[in-house]
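Subject: Handover of a structure, with notes

Hello,

I am passing this structure on to you. Please look at the sequence and the model first, then read the notes below.

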Amino acid sequence: MNQRFLNMYTDYIFVEHPPAKADILFIPGSNAAALGERAAALWREGYAPVVIPSGKYSILTGRFGGVQDEPEQYPGPYATEAEFLTDVLVKNGVAPEAVWPEPEATYTYENAICSRRLTDARGLTVEKAILCCKPYHARRALLYYQLLYPDCEFLVCPCRSTVTAANWYTTEEGMKLVLGEMERCGGQFYDIMAEILGKN
């Protein structure tokens, strides 16, 4: 396979920055414990004072679908992604008062919208933020959160995953995930941009 061709997809989808001091940590909704564990590690290291785990459940399923990884450590039951991620954060050393759950969002754009509502309601001005997401979800999550926080500098600090920038094109699962993200970045943002342009 032409490596330069693959690199075009890889460089677009996979975004990662070294962590730095920030005002907040954001977690888009998920049932993966690795996200909460990564955010908890960053919080313990003092990179941000507050964490917003966002998410109700997938709009496609209409319910919390169960813990994707490490179910024995996080048996639940959980009604929402935010409740699950909050439990992961607290069990990994985050002070409960530092966790601001957002339990209404059902897809990534709503994660960003509802998180913005929450930070506005709490009076927090977000100038720099860390975004904890899955590696292959990084570009789309970053685009959404940047749209809702246009003046904020974002640092993407992905969690561990079996699908990475180095191997996504070697498995059918990786290709489906990454190329599916490419499709969503086009299809979903078409509607958003059309709505924005229609308001101008």
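Which side chain does Arg 160 meet in a salt bridge? The partner is Glu 37, with 2.9 Å from N to O. A salt bridge here is a side-chain nitrogen of Lys or Arg within 4 Å of a carboxyl oxygen of Asp or Glu. Helices (H or I, at least four residues) and strands (E, at least two) are DSSP runs, numbered from the N terminus.

Before the rest, a note on the source. This is a predicted model, in which local features need pLDDT of at least 70 and side-chain atom pairs count only at pLDDT 80 or more, while totals for chains, interfaces and linings use all residues. Residues are numbered from 1 along each chain as its sequence is written, and side-chain values use heavy atoms, with hydrogens and water left out.

Salt bridges

The whole structure holds eight salt bridges. Glu 37 is buried, at a relative accessible area of 14%. For accessibility, buried means under 20% relative accessible area, exposed over 50%, and partly exposed in between (1.4 Å probe, protein chains only).

Two further salt bridges lie within helices. Asp 87 and Lys 91 pair at 3.1 Å, N to O; they are four residues apart in helix α3 (residues 81-91), and therefore separated by about one helical turn. Lys 91 is partly exposed, with a relative accessible area of 46%. Arg 116 and Asp 120 pair at 3.0 Å, N to O, and these two are four residues apart in helix α4 (residues 108-121), again about one helical turn. Arg 116 is partly exposed at 28% relative accessibility, and Asp 120 is partly exposed at 45%. There is also a network: Glu 37, Glu 70 and Arg 160 are joined by salt bridges that share partners.

Aromatic rings

There are 14 aromatic pairs, where rings of Phe, Tyr and Trp (its six-membered ring) pair if their centres lie within 6.5 Å; planes under 30 degrees apart count as stacked, over 60 as edge-to-face and the rest as tilted. Tyr 109 and Tyr 144 have ring centres 5.1 Å apart and planes at 25°, so they count as stacked. This pair links distant parts of the chain, with Tyr 109 in helix α4 and Tyr 144 in helix α5 (residues 138-148), 35 residues apart. Tyr 109 and Tyr 144 are both buried.

Tyr 145 and Phe 154 form an edge-to-face pair, with 6.3 Å centre to centre and 70° between the planes. Both of these residues, Tyr 145 and Phe 154, are buried. One aromatic cluster is made of Phe 5, Tyr 9, Trp 168 and Tyr 169.

Charges over rings

A charge sits over a ring if NZ of Lys or CZ of Arg is within 6 Å of the ring centre and within 35 degrees of the ring normal. The charged end of Arg 122 is placed this way over the ring of Trp 100, 4.4 Å from its centre. The charged end of Arg 139 sits over the ring of Tyr 12, 4.9 Å from its centre.

A loop residue

Thr 106 is in the loop between α3 and α4 and is buried, with a relative accessible area of 19%. Apart from its neighbours within four places in sequence, Thr 106 is in contact (heavy atoms within 4.5 Å) with Lys 56, Tyr 57, Ser 58 and Ile 59.

Regards
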